[in-house]
Amino acid sequence: MFQNYIKTALRNLMRHKLYSAINIAGLAVGLAAFILISLFVHDEFSWDTHWSRGEDIYRVENTYTREGEVQIRSPHAVDPLKDIFLDTFPETEAVTRYLSFDVGLRLGGEMYGQTVLFADHNFAEFFGLRFLEGNPDTAMADVTGVVLSERTARKFFGDTPALGRTITMHLRDGDHDFHVSGVTENPRRDSVVQHDFLVPFSRSYFEGQRWFTEDWRFAARVMYVRLAPGANADAIRAQFPGIVDRYLPKGQDSTETGRNWSVAISMLPISEAHLYGNSAQGDAKLLYGFLGVACLILLIAVVNFLNLSMARTAHRAREVAVRKVLGAARGQIIQQFLGESILLALVALVVALALVEVALPYYNAFLATFLDMDLLHEPILALLCLFLGIGVGLGAGSFQALYFAMLKPRNVLYSSSASDNGTGRLRQVLVVVQFSISIALMIIAFFVNKQTQFAQALDLGFNADNLVVVNRTNNAQSETFKRRLLESPYITAVGRSSDVPTEGSEDRMLVRTIGGDSEVTIDGLPTGPDFFKVYQIPMLAGRALTTGEADTVRKRGEDGAYRQAGNIVVNAMAAERLGFASPEAAIGHMFSLNISSDVRLDATIVGVAADFHFDSARDVIRPGIYYVDQYRWADMTVRYDGAHREAALAEIAAAWREIYPDAIFEYRVMTELVERQYRTDARLGTVLTSFTLLAIGISAMGLYGLASFTAERRTREIGIRKVLGARLMDIVGLFLWQFSKPILVANLIAWPAAFLFLRDWLQGFAYRVDIGLLPFVATALVALLIGWATVAGRALMVARANPIKALRYE
Amino acid sequence: MLKLHNLSKVYRTDEVETVALNSVNVEIETGEFVAIMGPSGCGKSTLLNIIGMLDSPSSGNYFFMDEDVAGYSEAKLGNIRKQHIGFIFQSFNLIDELTVAENIELALLYHNIPASERRDRVARVMDKVGIAHRAKHMPSQLSGGQQQRVAVARAVVGDQAMILADEPTGNLDSAHGQEVMEMLQALNEEGTTIVMVTHSPAHADYARRTINLFDGHVVTENLRAAV
């Protein structure tokens, strides 16, 4: 019996090669797209699921709130929480913490930059790290030991054993020698815990660092807790507000503790940290969006399949009728056609898997990830693929199977013409569905790309070209380094600041307006007097800051004390917010400024700078106050001559080696920082564009197939029309119109859907493009043109055919 | 074999009501060869369809082997049909994608017969209708007469007691037509009941009895003298 089904199915496929090719190709492309997207989404959702007892491991995080300001969501937890957890929650089995910090290493005369995890002694035991060298029990016990990952050990020591070898680490309190006490397996790519270089934590390394506190002011360490199996995490979470109430100091001293800010504690499973944690790298919403698009593409492909099969019902109806006359029961007919479509779907699946295999390297390169699909070693994945194929086959074949099961043989066996069998309307609906999705995707892709281009072309207010930002210049040699750089003919300007554009400022200052009736929040940015020059930000009124004493708020060599009074610069928006009618009006204004909570400065505005983007271009420009604080010059921005980039970079590196022989030279490129802000959106645009092309391609394939069958079916009608005097163009027009209707209707559905989505999406941008009507109309035209181009060939062929041929056989 | 009592068939669309058969009374004995004749649209095919259980009567009784099947479900009718009734059509209705042997075998596929037995029976019946040398050919490679012989083979391969033939010679030239009629006659002589719709008086002569239909009524029944 099955042999017979398969024979019929295969011979049918071979007889109608075009139909089969379109059907399988469409489905294969749809499946391939679906599999590729699902692989990525699944990968993103399966981070950190590999730890033993991972379901009991949680990350504890802190979120800082200060009235009227943006929350600071830290992936870290404050130090006191460790003991609080151990004391308050008996479910807590263990707590481990680490501080991630970039350190310079010296090894055999070479210097390396390395991200080091200064971890609690139980780190290796907590995560159950597997040791390749060394003793897991003692490796972290010795404060001078370091535990490397296999790849780090290989990087530093090649194939020779690493155990016992010495590495010198340049720390704040001087150089320290460490010896390798263990080598573990590499951390997994899909983990938020990248333990390449573990050093037992010691607070002495961080003594005197402004940001390192062991109280509630600053969360510096990542903290994981392991709860007893079956512990109720929600019950623990419910106690967090009470814990903050009880333990957070209430500002009885001058150290700004808990006075006008608060902390919220949160705790999430380690497996959710990648997507839902504070400062998460992934974006679950975007992933669901991708998955949605993947399903839409698969839907288009299935609809295609359904549509093409329906078009062929007339042909196969005779076979079904004969089978029924010969005794086939309904169930057997259903079996046959479901089997057939499952077979087709499985063939398409095999093609799709091949496509995925070919596409994966490019896909990985694009997404900057390392997805793979090893069906032989992942039987579950193989099984899922199989289910997918069978599911798609069932979905796509069920309608046809049911239709045939209900078919009355009497209706078919006595008519010699292939009738439409009432499936025509359904087929039109299916084409409408396909094109609705395609058109909506087209419109959305257009606007996403337009918005990205718009944002990239946005005037940032400063010149980002030919700038590099050198890290770690917050020290006494900074001035020497600057002078040395300016000696180079290739370097045109050098400026200093605590942070640089695109990174935003975390300093918020409350300032009373000139009317005195309200307060406004203004971002503070410690800069050097040279900051505006290097970024080429013009002054609208007054003058720029200078090295003069009156322009300096804090000076090196004065024990880090702020002065009582000083000159400052504001941007145009700050001047406006403060209540000045024009930038000029602000010059000379004196007011009291809280540089930090307990430091008050009598500030005088000496200059008003043009507005520029300091945060992401996604956000609005914020009002800003700029002042000279020599203790907060972490970044040195260098402008070089664009024609001599390499030479300039070489000079910077040489100057660095000279001035900072013990430190690693690292820099960021400003254009890359700017570009990075748009990367997600740009990538979204590219992904959407490719998906859209796929969707259109599959839809067009389906339309072509349909046109072919319609042409077959309507030859007689067209023959009659021609005999009655219709011209070639009349016939072609007739044909084009038939296929234009569903595309036009599809626009009616796609437009509002796309509009609603876009309106929502664009809300996320402070500066956004308008949703004009023109792109919608243009998309409709493009869709029509694609439809026509697809159908035209067939239409011409039919129109040219000799009418007698068509009529004689009736 | 079968008995139709006061059997009527009415087709209804939204506006029109067409009476295809009007109180028809027909009895066919086992082993008979009956021809049904009449002008186009007189209800011949409807009558044949009801006898073949491809259609149900609007009213009246249909006794098949002493069982009133008039109200049976489609599935039940399908079971009786596949046990007892074979069909031959004017347009052959062979499946284009299957070979001659496979087309014939199709009639056995739905009967739970083991593959080896199916092969034997198909081979035997192909010999009988003289089509064995074309076993592996596709229907499109055969002449009309050969195709109809395949159809006849398919109708009888399951040892059906009754064959319903709807203008079996309508698409054939006279030589091939006669060939098919002789085949049917031979089958009848072996005991198969045959009911045939035809336009050709010459071919109707092969039957022992002719039922004439006009506007849904049985007009006359002629019994031909035994040869």
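## Helix packing and salt bridges in a predicted model

The axes of helix H9 (residues 284–311) of chain A and helix H20 (residues 670–723) of chain A come within 9 Å of each other and cross at roughly 5°. Angles under 35 degrees count as roughly parallel, so H9(A) is roughly parallel to H20(A). The contact of H9(A) with H20(A) has 17 nonpolar and 6 polar residues, and no charged residues.

The model is predicted, with an ipTM of 0.83 and a pTM of 0.79. Chain B has an average pLDDT of 88, and 98% of its residues score at least 70. Among the elements of chain B, the mean pLDDT is lowest in strand S10 (residues 217–223), at 82, and highest in strand S8 (residues 193–197), at 94.

Over all chains, the count is 47 salt bridges. The table gives some of them.

| Salt bridge | Closest N to O distance |
|---|---|
| A:Glu340 with A:Arg316 | 2.3 Å |
| B:Lys9 with B:Asp55 | 3.3 Å |

A:Glu340 lies in helix H11 (residues 330–367) of chain A and A:Arg316 in helix H10 (residues 313–325) of chain A, 24 residues apart. Both A:Glu340 and A:Arg316 are buried.

The pair of B:Glu74 and A:Lys324 crosses between chains, from helix H2 (residues 74–84) of chain B to helix H10 of chain A. B:Glu74 is partly exposed, at 35% relative accessibility, whereas A:Lys324 is buried, with a relative accessible area of 3%.

B:Lys9 sits in strand S1 (residues 2–12) of chain B, and B:Asp55 in the loop between helix H1 (44–51) and strand S4 (59–64) of chain B, 46 residues apart. Both B:Lys9 and B:Asp55 are buried.

Salt bridges with shared partners also join A:Arg53, A:Asp56, A:Glu93, A:Glu125 and A:Arg226 into one network.

Definitions and conventions. Residues numbered from 1 in each chain as written. Chains lettered and ligands numbered in written order. Predicted model: local features only at pLDDT ≥ 70, side-chain atom pairs only at ≥ 80, totals over all residues. Heavy atoms only, no water. Axes fitted to C-alpha atoms, helices over the stretch in contact; angles between N-to-C directions. Helix = DSSP H or I, 4+ residues; strand = E, 2+ residues; numbered from the N terminus. Parallel < 35°, antiparallel > 145°, perpendicular 65-115°, else oblique. Nonpolar A, V, L, I, M, F, W, Y, C, P; charged D, E, K, R; others polar. pLDDT = per-residue confidence, 0-100. Salt bridge = Lys/Arg side-chain N within 4 Å of Asp/Glu carboxyl O. Buried < 20%, exposed > 50% of the residue type's maximum accessible area, 1.4 Å probe, protein only.
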